[in-house]
Amino acid sequence: MLPELRDLFVRDLEKLAVELEAYPDEASVWAVPDGVLNSGGTLALHLIGNLSQFVGADLGGVAFVRDRAAEFARRDVPRAELVAGVRGVSALVAGTLDRLDPARLDAPHPTQLPGFPEGMSTRFFLIHLYGHLNWHLGQVNYHRRLSI
């Protein structure tokens, strides 16, 4: 399961980078049209923070201090910085999953979050994180198409 999940994360994080690059200009990455809660840039920052924490730090032991509030408050981060962050977290996720002992999949994930089953397995949470990535990837795609 790990190689397949690794490949899916890498594939879809690259799709996120391509979506960010496809915005017509820097300002449109941060625009928030009526009826939309978050810009594409905000969602990219959120995914970078989310995967850096729950995969890189929790499973890979990579030092990371998350500032979730800043993920939703920062604005006008250059698109090149966002793309570099997405590709960086892709490498982090790939490296972590490449090194992860498959036996850890059935062990409880180190972070217990509200709304998740008590003692949820790492397998369960990785599948959730992949779904979360795709949910926001779809939002970024829709947001970008609104900007054209």
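Biologist: In which loop does D76 lie?

Modeller: This is a predicted model, where local features need pLDDT of at least 70, side-chain atom pairs count only at pLDDT 80 or more, and totals for chains, interfaces and linings use all residues. Residues are numbered from 1 along each chain as its sequence is written, and side-chain values use heavy atoms, with hydrogens and water left out. Helices here are DSSP runs of H or I with at least four residues, and strands are runs of E with at least two, numbered from the N terminus. On that numbering, D76 lies in the loop between α4 (68-73) and α5.

Biologist: What is the phi of D76?

Modeller: Most residues other than glycine have a negative phi. D76 is not a glycine, yet its phi is positive, at about 60°.

Biologist: Is D76 buried or exposed?

Modeller: Buried means under 20% relative accessible area, exposed means over 50%, and partly exposed lies in between (1.4 Å probe, protein chains only). D76 has a relative accessibility of 60%, so this residue counts as exposed.

Biologist: How many salt bridges does the structure hold?

Modeller: A salt bridge is counted where a side-chain nitrogen of Lys or Arg is within 4 Å of a carboxyl oxygen of Asp or Glu. One of them joins D12 and K15, at 3.7 Å from N to O. For the structure, the number of salt bridges is eleven.

Biologist: Which helix holds both D12 and K15?

Modeller: D12 is buried at 1% relative accessibility, whereas K15 is partly exposed at 41%. The two residues are three apart, about one turn of the helix, and both lie in α1 (residues 2-22).

Biologist: How many residues apart are E14 and R87?

Modeller: The side chains of E14 and R87 form a salt bridge of 2.7 Å, N to O. This pair links distant parts of the chain, with E14 in helix α1 and R87 in helix α5 (residues 79-99), and the separation is 73 residues.

Biologist: Which parts does the pair E26 and R79 tie together?

Modeller: E26 and R79 meet through their side chains in a salt bridge of 3.7 Å, N to O. They are 53 residues apart in sequence, and the pair ties together helix α2 (residues 26-30), where E26 lies, and helix α5, where R79 lies.
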